[in-house]
Amino acid sequence: RNRGLDPKRTYVWICAFCINQHRVQELQRSGGTVPFDDFAAEFGSRVKSIGHVLALMGTWKAPKYITRAWCIYELYVAMSVGCTLDIIMPDRESESFLKAFISGDGRLSAMWEALESADVRKAEASIPSDKDHILQLVEQGPGFGALNQMVRKKLQVWFCDVAEREAKNWQDKHKQCQTTCRQAGEITLKIGRLLLEFFELDRLENLSQDWLDRLAQVGCDKSPIAASFLAFRAHVHVWRGKFESAGRGFSEAYSIILRAKDTKEEVHERSFAMLLWLWATMLASSGHAEEGLVKLEEACRIFDESGLGETQDAAGAIVIRALVHAKVGQDDLADFYIRRAEEILTKLGKVRTPSGAHMLTSMAYMHITRGDVDEALEKCDRAEEILVDTGFLHSVVGSRCCSVIGWVKAQTGDLQQALSMCSIAYASLASAGRLETLFGMDSIMALAYVKHRLGDFECAQALRRQALEYGAKTGATPIRWLAPHDFYDNEGWGRVG
(Lines give C-alpha, C1' and ligand atoms only; values in the text may rest on other atoms or scores of the structure.)
Protein backbone atom coordinates (compact mmCIF):
# COMPACT_ATOMS: atom_id res chain seq x y z
CA ARG A 1 0.00 0.00 0.00
CA ASN A 2 2.74 2.48 0.97
CA ARG A 3 4.74 1.57 -2.15
CA GLY A 4 1.72 1.73 -4.44
CA LEU A 5 2.01 -1.95 -5.37
CA ASP A 6 -0.86 -3.96 -6.82
CA PRO A 7 -1.99 -6.47 -4.16
CA LYS A 8 -3.05 -8.89 -6.92
CA ARG A 9 0.46 -8.94 -8.37
CA THR A 10 2.50 -8.80 -5.16
CA TYR A 11 3.61 -12.11 -3.66
CA VAL A 12 4.76 -12.75 -0.12
CA TRP A 13 6.41 -15.91 1.20
CA ILE A 14 5.76 -16.55 4.91
CA CYS A 15 8.68 -18.11 6.78
CA ALA A 16 6.56 -20.69 8.64
CA PHE A 17 5.24 -21.97 5.30
CA CYS A 18 8.67 -22.03 3.66
CA ILE A 19 10.13 -24.10 6.51
CA ASN A 20 7.69 -26.35 8.36
CA GLN A 21 8.85 -25.81 11.92
CA HIS A 22 6.05 -28.02 13.31
CA ARG A 23 7.86 -31.01 11.81
CA VAL A 24 11.02 -29.91 13.62
CA GLN A 25 9.13 -29.74 16.91
CA GLU A 26 7.58 -33.19 16.31
CA LEU A 27 11.05 -34.61 15.75
CA GLN A 28 12.30 -33.00 18.95
CA ARG A 29 9.42 -34.50 20.95
CA SER A 30 10.31 -37.95 19.66
CA GLY A 31 13.90 -37.50 20.81
CA GLY A 32 15.38 -36.57 17.43
CA THR A 33 17.12 -33.40 16.32
CA VAL A 34 17.66 -31.45 13.15
CA PRO A 35 21.35 -30.57 12.83
CA PHE A 36 21.89 -26.82 12.94
CA ASP A 37 23.86 -26.81 9.68
CA ASP A 38 21.05 -28.58 7.82
CA PHE A 39 18.36 -26.26 9.14
CA ALA A 40 20.51 -23.16 8.53
CA ALA A 41 21.18 -24.25 4.94
CA GLU A 42 17.49 -24.81 4.21
CA PHE A 43 16.46 -21.60 5.95
CA GLY A 44 19.19 -19.55 4.34
CA SER A 45 18.44 -20.81 0.84
CA ARG A 46 14.86 -19.55 1.14
CA VAL A 47 16.02 -16.07 2.12
CA LYS A 48 18.59 -15.93 -0.70
CA SER A 49 16.21 -17.14 -3.42
CA ILE A 50 13.41 -14.74 -2.44
CA GLY A 51 15.88 -11.85 -2.14
CA HIS A 52 13.67 -9.48 -0.16
CA VAL A 53 12.93 -9.70 3.56
CA LEU A 54 9.98 -8.00 5.23
CA ALA A 55 10.83 -7.99 8.93
CA LEU A 56 7.62 -7.68 10.97
CA MET A 57 8.94 -6.05 14.12
CA GLY A 58 5.88 -6.24 16.37
CA THR A 59 5.84 -3.16 18.61
CA TRP A 60 7.91 -0.06 17.88
CA LYS A 61 8.89 0.39 21.54
CA ALA A 62 10.23 -3.16 21.97
CA PRO A 63 10.53 -4.97 18.61
CA LYS A 64 9.97 -8.67 19.27
CA TYR A 65 11.48 -9.71 15.94
CA ILE A 66 15.02 -9.01 17.10
CA THR A 67 14.58 -11.07 20.28
CA ARG A 68 14.35 -14.33 18.27
CA ALA A 69 17.59 -15.98 17.23
CA TRP A 70 16.33 -17.38 13.92
CA CYS A 71 15.05 -13.93 12.97
CA ILE A 72 18.58 -12.70 13.63
CA TYR A 73 19.84 -15.43 11.30
CA GLU A 74 17.40 -14.15 8.69
CA LEU A 75 18.90 -10.67 9.07
CA TYR A 76 22.40 -12.13 8.92
CA VAL A 77 21.68 -13.91 5.62
CA ALA A 78 19.96 -10.85 4.18
CA MET A 79 22.95 -8.69 5.04
CA SER A 80 25.54 -11.23 3.88
CA VAL A 81 24.08 -11.81 0.40
CA GLY A 82 22.73 -8.31 -0.23
CA CYS A 83 19.00 -8.98 0.06
CA THR A 84 16.62 -6.04 0.28
CA LEU A 85 15.44 -5.55 3.86
CA ASP A 86 12.37 -3.57 4.90
CA ILE A 87 10.97 -3.15 8.37
CA ILE A 88 7.19 -3.25 8.71
CA MET A 89 4.82 -2.93 11.65
CA PRO A 90 1.05 -3.21 12.14
CA ASP A 91 -1.04 -0.09 11.54
CA ARG A 92 -1.78 0.12 15.24
CA GLU A 93 1.94 0.63 15.88
CA SER A 94 2.06 3.53 13.45
CA GLU A 95 -0.91 5.04 15.28
CA SER A 96 0.75 4.40 18.67
CA PHE A 97 4.00 6.04 17.56
CA LEU A 98 2.23 9.07 16.11
CA LYS A 99 0.10 9.54 19.21
CA ALA A 100 3.19 9.45 21.44
CA PHE A 101 5.16 11.69 19.09
CA ILE A 102 2.50 14.35 18.56
CA SER A 103 1.36 14.54 22.20
CA GLY A 104 4.95 14.94 23.44
CA ASP A 105 7.55 17.64 22.84
CA GLY A 106 8.76 16.02 19.61
CA ARG A 107 11.85 14.47 21.17
CA LEU A 108 10.11 11.24 22.24
CA SER A 109 12.55 9.52 24.58
CA ALA A 110 10.82 6.18 23.92
CA MET A 111 11.92 6.34 20.29
CA TRP A 112 15.58 6.74 21.25
CA GLU A 113 15.25 3.99 23.85
CA ALA A 114 13.81 1.69 21.16
CA LEU A 115 16.82 2.38 18.94
CA GLU A 116 19.24 1.74 21.80
CA SER A 117 17.54 -1.49 22.86
CA ALA A 118 17.85 -3.02 19.39
CA ASP A 119 20.65 -5.47 20.18
CA VAL A 120 20.81 -8.82 18.39
CA ARG A 121 22.97 -10.28 21.19
CA LYS A 122 19.85 -10.38 23.41
CA ALA A 123 18.07 -12.85 21.13
CA GLU A 124 16.80 -16.20 22.44
CA ALA A 125 16.03 -19.59 20.85
CA SER A 126 14.08 -22.65 21.99
CA ILE A 127 17.26 -24.67 21.45
CA PRO A 128 20.13 -22.88 23.23
CA SER A 129 22.74 -24.36 20.91
CA ASP A 130 20.95 -22.77 17.92
CA LYS A 131 21.39 -19.35 19.49
CA ASP A 132 25.08 -20.03 20.11
CA HIS A 133 25.62 -21.12 16.51
CA ILE A 134 23.75 -18.11 15.08
CA LEU A 135 25.57 -15.57 17.22
CA GLN A 136 28.86 -17.21 16.32
CA LEU A 137 28.03 -16.86 12.61
CA VAL A 138 27.14 -13.20 13.09
CA GLU A 139 30.32 -12.53 15.04
CA GLN A 140 32.47 -14.21 12.39
CA GLY A 141 30.57 -12.47 9.56
CA PRO A 142 29.40 -8.86 9.66
CA GLY A 143 29.74 -8.63 13.44
CA PHE A 144 27.20 -7.65 16.10
CA GLY A 145 27.91 -3.95 15.69
CA ALA A 146 27.25 -3.96 11.95
CA LEU A 147 24.05 -6.00 12.28
CA ASN A 148 22.79 -3.78 15.11
CA GLN A 149 23.58 -0.70 13.03
CA MET A 150 21.57 -2.11 10.12
CA VAL A 151 18.54 -2.82 12.33
CA ARG A 152 18.72 0.61 13.95
CA LYS A 153 19.03 2.36 10.58
CA LYS A 154 15.95 0.50 9.33
CA LEU A 155 14.07 1.56 12.46
CA GLN A 156 15.12 5.15 11.82
CA VAL A 157 13.70 4.90 8.31
CA TRP A 158 10.43 3.51 9.68
CA PHE A 159 10.09 6.38 12.18
CA CYS A 160 10.70 8.97 9.45
CA ASP A 161 8.37 7.21 6.99
CA VAL A 162 5.52 7.11 9.48
CA ALA A 163 5.99 10.74 10.49
CA GLU A 164 6.20 11.91 6.89
CA ARG A 165 3.09 9.93 5.90
CA GLU A 166 1.20 11.58 8.75
CA ALA A 167 2.09 15.02 7.40
CA LYS A 168 0.83 13.97 3.95
CA ASN A 169 -2.36 12.49 5.45
CA TRP A 170 -3.14 15.80 7.14
CA GLN A 171 -2.90 17.50 3.77
CA ASP A 172 -5.16 14.94 2.10
CA LYS A 173 -7.81 14.62 4.84
CA HIS A 174 -8.42 18.22 5.81
CA LYS A 175 -9.84 20.93 3.65
CA GLN A 176 -7.59 23.90 3.15
CA CYS A 177 -8.42 26.76 5.48
CA GLN A 178 -6.50 28.93 7.91
CA THR A 179 -7.68 26.98 10.98
CA THR A 180 -6.69 23.52 9.71
CA CYS A 181 -3.43 24.90 8.34
CA ARG A 182 -2.49 26.21 11.78
CA GLN A 183 -3.49 22.96 13.51
CA ALA A 184 -1.77 20.71 11.00
CA GLY A 185 1.18 23.06 10.77
CA GLU A 186 1.94 22.69 14.49
CA ILE A 187 2.00 18.90 14.11
CA THR A 188 4.07 19.07 10.95
CA LEU A 189 6.63 21.33 12.64
CA LYS A 190 7.31 18.51 15.10
CA ILE A 191 7.78 16.15 12.18
CA GLY A 192 10.16 18.69 10.64
CA ARG A 193 12.21 18.77 13.83
CA LEU A 194 12.43 14.96 13.73
CA LEU A 195 13.70 15.08 10.13
CA LEU A 196 16.20 17.75 11.17
CA GLU A 197 17.42 15.56 14.04
CA PHE A 198 17.87 12.65 11.62
CA PHE A 199 19.46 15.06 9.09
CA GLU A 200 17.03 14.01 6.37
CA LEU A 201 17.71 17.12 4.29
CA ASP A 202 15.80 16.15 1.14
CA ARG A 203 12.73 15.14 3.11
CA LEU A 204 12.89 18.26 5.25
CA GLU A 205 13.17 20.53 2.22
CA ASN A 206 10.26 18.82 0.45
CA LEU A 207 8.11 18.92 3.59
CA SER A 208 8.87 22.62 4.10
CA GLN A 209 8.16 23.54 0.49
CA ASP A 210 4.89 21.57 0.45
CA TRP A 211 3.67 23.41 3.53
CA LEU A 212 4.81 26.81 2.34
CA ASP A 213 2.79 26.23 -0.84
CA ARG A 214 -0.22 25.08 1.18
CA LEU A 215 -0.02 28.05 3.54
CA ALA A 216 0.24 30.45 0.60
CA GLN A 217 -2.97 29.03 -0.91
CA VAL A 218 -4.99 29.94 2.19
CA GLY A 219 -3.30 33.28 2.90
CA CYS A 220 -1.15 32.04 5.78
CA ASP A 221 2.21 32.55 4.07
CA LYS A 222 3.04 35.40 6.49
CA SER A 223 2.14 33.43 9.63
CA PRO A 224 4.56 32.32 12.38
CA ILE A 225 4.12 28.71 11.19
CA ALA A 226 5.24 29.74 7.71
CA ALA A 227 8.28 31.41 9.31
CA SER A 228 9.27 28.09 10.89
CA PHE A 229 9.09 26.27 7.56
CA LEU A 230 11.09 29.08 5.93
CA ALA A 231 13.73 28.54 8.63
CA PHE A 232 13.80 24.79 8.01
CA ARG A 233 14.26 25.32 4.28
CA ALA A 234 16.94 27.94 4.88
CA HIS A 235 18.79 25.57 7.20
CA VAL A 236 18.87 22.94 4.44
CA HIS A 237 20.34 25.57 2.11
CA VAL A 238 23.05 26.37 4.68
CA TRP A 239 24.32 22.81 4.76
CA ARG A 240 24.32 22.75 0.97
CA GLY A 241 26.42 25.91 0.85
CA LYS A 242 23.63 28.12 -0.54
CA PHE A 243 24.27 30.94 1.91
CA GLU A 244 22.64 33.71 -0.12
CA SER A 245 19.26 31.97 -0.41
CA ALA A 246 19.54 30.75 3.18
CA GLY A 247 20.14 34.30 4.38
CA ARG A 248 17.06 35.56 2.52
CA GLY A 249 14.97 32.77 4.03
CA PHE A 250 16.07 33.44 7.59
CA SER A 251 15.60 37.19 7.16
CA GLU A 252 12.07 36.75 5.80
CA ALA A 253 11.17 34.35 8.62
CA TYR A 254 12.52 36.76 11.22
CA SER A 255 10.51 39.67 9.77
CA ILE A 256 7.33 37.58 9.84
CA ILE A 257 7.84 36.75 13.53
CA LEU A 258 8.49 40.38 14.46
CA ARG A 259 5.30 41.50 12.63
CA ALA A 260 3.32 38.77 14.40
CA LYS A 261 4.61 39.97 17.78
CA ASP A 262 3.66 43.56 16.91
CA THR A 263 0.09 42.48 16.11
CA LYS A 264 -0.10 40.27 19.24
CA GLU A 265 -0.40 37.12 17.15
CA GLU A 266 0.53 33.91 18.96
CA VAL A 267 4.18 33.00 18.42
CA HIS A 268 5.72 29.64 19.34
CA GLU A 269 8.73 30.79 21.36
CA ARG A 270 10.70 27.55 20.99
CA SER A 271 10.39 27.77 17.20
CA PHE A 272 11.41 31.45 17.25
CA ALA A 273 14.49 30.68 19.35
CA MET A 274 15.42 27.80 17.06
CA LEU A 275 15.07 30.07 14.02
CA LEU A 276 17.60 32.46 15.58
CA TRP A 277 19.90 29.60 16.54
CA LEU A 278 19.90 28.15 13.02
CA TRP A 279 20.40 31.60 11.50
CA ALA A 280 23.32 32.28 13.84
CA THR A 281 24.98 29.02 12.77
CA MET A 282 24.80 30.18 9.15
CA LEU A 283 26.21 33.61 10.00
CA ALA A 284 29.10 32.14 11.97
CA SER A 285 29.81 29.74 9.09
CA SER A 286 29.87 32.49 6.46
CA GLY A 287 32.24 34.99 8.02
CA HIS A 288 29.77 36.95 10.15
CA ALA A 289 30.53 35.62 13.62
CA GLU A 290 29.78 38.86 15.48
CA GLU A 291 26.34 39.11 13.90
CA GLY A 292 25.81 35.44 14.73
CA LEU A 293 26.53 36.16 18.38
CA VAL A 294 23.79 38.80 18.43
CA LYS A 295 21.28 36.23 17.16
CA LEU A 296 22.47 33.62 19.65
CA GLU A 297 22.12 36.08 22.52
CA GLU A 298 18.54 36.78 21.44
CA ALA A 299 17.80 33.03 21.11
CA CYS A 300 19.14 32.32 24.61
CA ARG A 301 17.10 35.22 26.04
CA ILE A 302 13.92 33.82 24.45
CA PHE A 303 14.64 30.34 25.83
CA ASP A 304 15.11 31.81 29.33
CA GLU A 305 12.07 34.12 29.25
CA SER A 306 9.77 31.34 28.00
CA GLY A 307 10.86 28.90 30.71
CA LEU A 308 12.87 26.77 28.29
CA GLY A 309 16.33 27.83 29.46
CA GLU A 310 17.23 24.40 30.80
CA THR A 311 16.10 22.27 27.87
CA GLN A 312 18.24 20.36 25.39
CA ASP A 313 17.40 22.92 22.70
CA ALA A 314 18.67 25.74 24.91
CA ALA A 315 21.84 23.79 25.70
CA GLY A 316 22.42 23.33 21.97
CA ALA A 317 22.18 27.07 21.34
CA ILE A 318 24.52 27.77 24.26
CA VAL A 319 27.12 25.32 22.92
CA ILE A 320 27.10 27.08 19.52
CA ARG A 321 27.39 30.39 21.37
CA ALA A 322 30.48 29.12 23.20
CA LEU A 323 32.05 27.95 19.92
CA VAL A 324 31.46 31.31 18.23
CA HIS A 325 32.86 33.22 21.23
CA ALA A 326 35.95 31.02 20.95
CA LYS A 327 36.14 31.67 17.21
CA VAL A 328 36.35 35.45 17.74
CA GLY A 329 38.86 35.10 20.56
CA GLN A 330 36.53 35.69 23.53
CA ASP A 331 37.85 32.77 25.53
CA ASP A 332 36.42 33.79 28.92
CA LEU A 333 32.90 33.95 27.51
CA ALA A 334 33.45 30.69 25.64
CA ASP A 335 34.45 28.99 28.89
CA PHE A 336 31.46 30.46 30.73
CA TYR A 337 28.92 29.23 28.18
CA ILE A 338 30.42 25.79 27.76
CA ARG A 339 30.20 25.32 31.54
CA ARG A 340 26.58 26.54 31.43
CA ALA A 341 25.71 24.01 28.75
CA GLU A 342 27.34 21.25 30.77
CA GLU A 343 25.29 22.24 33.83
CA ILE A 344 22.07 21.95 31.81
CA LEU A 345 23.02 18.55 30.38
CA THR A 346 23.93 17.30 33.87
CA LYS A 347 20.49 18.32 35.15
CA LEU A 348 18.77 16.71 32.18
CA GLY A 349 20.59 13.44 32.79
CA LYS A 350 20.58 11.06 29.84
CA VAL A 351 20.84 12.89 26.53
CA ARG A 352 20.72 10.04 24.04
CA THR A 353 20.14 11.75 20.70
CA PRO A 354 22.42 12.68 17.77
CA SER A 355 22.12 16.36 18.69
CA GLY A 356 23.14 15.39 22.22
CA ALA A 357 26.21 13.65 20.79
CA HIS A 358 26.98 16.77 18.75
CA MET A 359 26.87 18.91 21.88
CA LEU A 360 29.23 16.52 23.65
CA THR A 361 31.76 16.60 20.81
CA SER A 362 31.55 20.40 20.68
CA MET A 363 32.33 20.43 24.38
CA ALA A 364 35.20 18.02 23.76
CA TYR A 365 36.54 20.43 21.14
CA MET A 366 36.46 23.28 23.65
CA HIS A 367 38.16 21.20 26.35
CA ILE A 368 40.98 19.94 24.12
CA THR A 369 41.75 23.46 22.85
CA ARG A 370 42.26 24.44 26.51
CA GLY A 371 44.42 21.43 27.31
CA ASP A 372 41.83 19.53 29.35
CA VAL A 373 42.52 16.15 27.76
CA ASP A 374 40.63 13.92 30.21
CA GLU A 375 37.41 15.94 29.93
CA ALA A 376 37.70 15.99 26.14
CA LEU A 377 38.18 12.23 25.85
CA GLU A 378 35.33 11.53 28.28
CA LYS A 379 32.95 13.63 26.18
CA CYS A 380 34.15 11.91 22.99
CA ASP A 381 33.57 8.46 24.49
CA ARG A 382 30.04 9.39 25.55
CA ALA A 383 29.23 10.85 22.15
CA GLU A 384 30.53 7.79 20.30
CA GLU A 385 28.51 5.51 22.58
CA ILE A 386 25.32 7.47 21.77
CA LEU A 387 25.99 7.28 18.03
CA VAL A 388 26.61 3.53 18.18
CA ASP A 389 23.62 2.82 20.41
CA THR A 390 21.18 4.82 18.27
CA GLY A 391 22.56 3.67 14.91
CA PHE A 392 23.94 7.02 13.76
CA LEU A 393 27.70 6.35 13.79
CA HIS A 394 27.88 5.66 10.03
CA SER A 395 25.58 8.47 8.94
CA VAL A 396 25.68 12.06 7.75
CA VAL A 397 24.53 13.36 11.12
CA GLY A 398 27.14 11.19 12.85
CA SER A 399 29.91 12.46 10.58
CA ARG A 400 30.05 15.88 12.25
CA CYS A 401 30.74 14.14 15.56
CA CYS A 402 33.20 11.59 14.16
CA SER A 403 35.33 14.35 12.60
CA VAL A 404 35.63 16.17 15.92
CA ILE A 405 36.35 12.93 17.79
CA GLY A 406 39.06 12.16 15.24
CA TRP A 407 40.58 15.61 15.66
CA VAL A 408 40.57 15.27 19.47
CA LYS A 409 42.24 11.85 19.20
CA ALA A 410 44.87 13.38 16.92
CA GLN A 411 45.57 16.09 19.48
CA THR A 412 46.26 13.39 22.08
CA GLY A 413 48.59 11.50 19.71
CA ASP A 414 46.25 8.58 19.03
CA LEU A 415 46.61 8.90 15.27
CA GLN A 416 45.28 5.47 14.31
CA GLN A 417 42.03 6.03 16.19
CA ALA A 418 41.92 9.53 14.73
CA LEU A 419 42.28 8.09 11.23
CA SER A 420 39.53 5.56 11.92
CA MET A 421 37.01 8.17 13.09
CA CYS A 422 37.83 10.71 10.35
CA SER A 423 37.59 7.95 7.72
CA ILE A 424 34.14 6.96 9.02
CA ALA A 425 33.01 10.57 8.69
CA TYR A 426 34.42 10.96 5.18
CA ALA A 427 32.97 7.64 3.96
CA SER A 428 29.53 8.42 5.41
CA LEU A 429 29.40 11.77 3.66
CA ALA A 430 30.79 10.44 0.38
CA SER A 431 28.27 7.60 0.22
CA ALA A 432 25.43 10.08 0.85
CA GLY A 433 26.77 12.60 -1.68
CA ARG A 434 27.23 15.20 1.09
CA LEU A 435 30.94 16.05 0.84
CA GLU A 436 30.12 19.50 -0.57
CA THR A 437 28.43 20.65 2.62
CA LEU A 438 29.60 22.31 5.82
CA PHE A 439 29.88 18.86 7.41
CA GLY A 440 31.89 17.77 4.40
CA MET A 441 34.31 20.69 4.66
CA ASP A 442 35.02 19.88 8.31
CA SER A 443 35.39 16.17 7.64
CA ILE A 444 37.69 16.57 4.64
CA MET A 445 39.97 19.00 6.48
CA ALA A 446 40.11 16.85 9.60
CA LEU A 447 41.07 13.79 7.53
CA ALA A 448 43.67 15.85 5.65
CA TYR A 449 45.21 16.91 8.96
CA VAL A 450 45.40 13.33 10.26
CA LYS A 451 46.87 12.08 6.97
CA HIS A 452 49.48 14.85 7.20
CA ARG A 453 50.35 13.83 10.76
CA LEU A 454 50.77 10.23 9.59
CA GLY A 455 53.17 11.30 6.84
CA ASP A 456 50.81 10.74 3.88
CA PHE A 457 51.49 14.21 2.52
CA GLU A 458 50.23 13.58 -1.02
CA CYS A 459 46.82 12.42 0.16
CA ALA A 460 46.68 15.21 2.76
CA GLN A 461 47.34 17.85 0.11
CA ALA A 462 44.68 16.44 -2.24
CA LEU A 463 42.09 16.43 0.57
CA ARG A 464 43.05 19.91 1.69
CA ARG A 465 42.67 21.21 -1.88
CA GLN A 466 39.22 19.57 -2.07
CA ALA A 467 38.06 21.37 1.09
CA LEU A 468 39.58 24.71 0.08
CA GLU A 469 37.85 24.62 -3.31
CA TYR A 470 34.51 24.14 -1.59
CA GLY A 471 35.23 26.93 0.89
CA ALA A 472 36.29 29.35 -1.85
CA LYS A 473 33.19 28.51 -3.90
CA THR A 474 30.68 29.03 -1.09
CA GLY A 475 32.42 31.50 1.20
CA ALA A 476 32.05 29.03 4.08
CA THR A 477 34.34 29.25 7.09
CA PRO A 478 34.49 26.65 9.88
CA ILE A 479 33.10 27.27 13.33
CA ARG A 480 35.60 24.69 14.64
CA TRP A 481 39.18 24.53 13.40
CA LEU A 482 39.78 20.81 12.78
CA ALA A 483 43.29 21.43 11.49
CA PRO A 484 45.99 24.07 12.09
CA HIS A 485 44.96 27.49 10.81
CA ASP A 486 47.54 27.46 8.03
CA PHE A 487 45.65 24.50 6.48
CA TYR A 488 42.80 26.92 5.83
CA ASP A 489 44.80 29.79 4.34
CA ASN A 490 44.05 30.13 0.67
CA GLU A 491 43.42 32.94 -1.75
CA GLY A 492 39.72 33.75 -1.64
CA TRP A 493 39.21 31.81 1.57
CA GLY A 494 41.12 33.30 4.45
CA ARG A 495 40.58 32.99 8.14
CA VAL A 496 37.46 34.97 8.85
CA GLY A 497 36.73 35.77 12.50
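User: Among contacts between residues at least 6 apart in sequence, what percentage join residues at least 24 apart?
Analyst: That comes to 72% in this protein. Keep in mind that the model is predicted.

User: Which secondary structure is there?
Analyst: There are 22 helices and two strands.

User: What radius of gyration does the protein have, and what would a compact globule have?
Analyst: The protein has 25 Å. A compact globule with 497 residues would have a value near 23 Å, so the two agree. Along the principal axes, the C-alpha atoms fill a box of roughly 80 × 65 × 40 Å.

User: How much of it is buried?
Analyst: Buried residues are 54% of the 497.

User: Switching to H20. How far apart are its end C-alpha atoms?
Analyst: They are 24 Å apart. H20 has 17 residues, 415–431, and at 1.5 Å a residue these should span 24 Å, so the distance agrees.

User: Which residues in H20 are buried?
Analyst: Among them are Leu-415, Leu-419, Met-421, Cys-422, Ile-424 and Leu-429. Ala-418, Ala-425 and Ser-428 are buried too.

User: What covers them?
Analyst: The cover includes helices H18 (373–390), H19 (396–411) and H21 (438–453).

User: What follows H20?
Analyst: Gly-433 follows H20, and its phi is positive, near 65 degrees.

Terms used:
Residues numbered from 1 in each chain as written. Predicted model: local features only at pLDDT ≥ 70, side-chain atom pairs only at ≥ 80, totals over all residues. Heavy atoms only, no water. Helix = DSSP H or I, 4+ residues; strand = E, 2+ residues; numbered from the N terminus. Expected span 1.5 Å × (residues − 1). Buried < 20%, exposed > 50% of the residue type's maximum accessible area, 1.4 Å probe, protein only. Contact = heavy atoms within 4.5 Å. Rg over C-alpha atoms; globule rule 2.2 N^0.38 Å.
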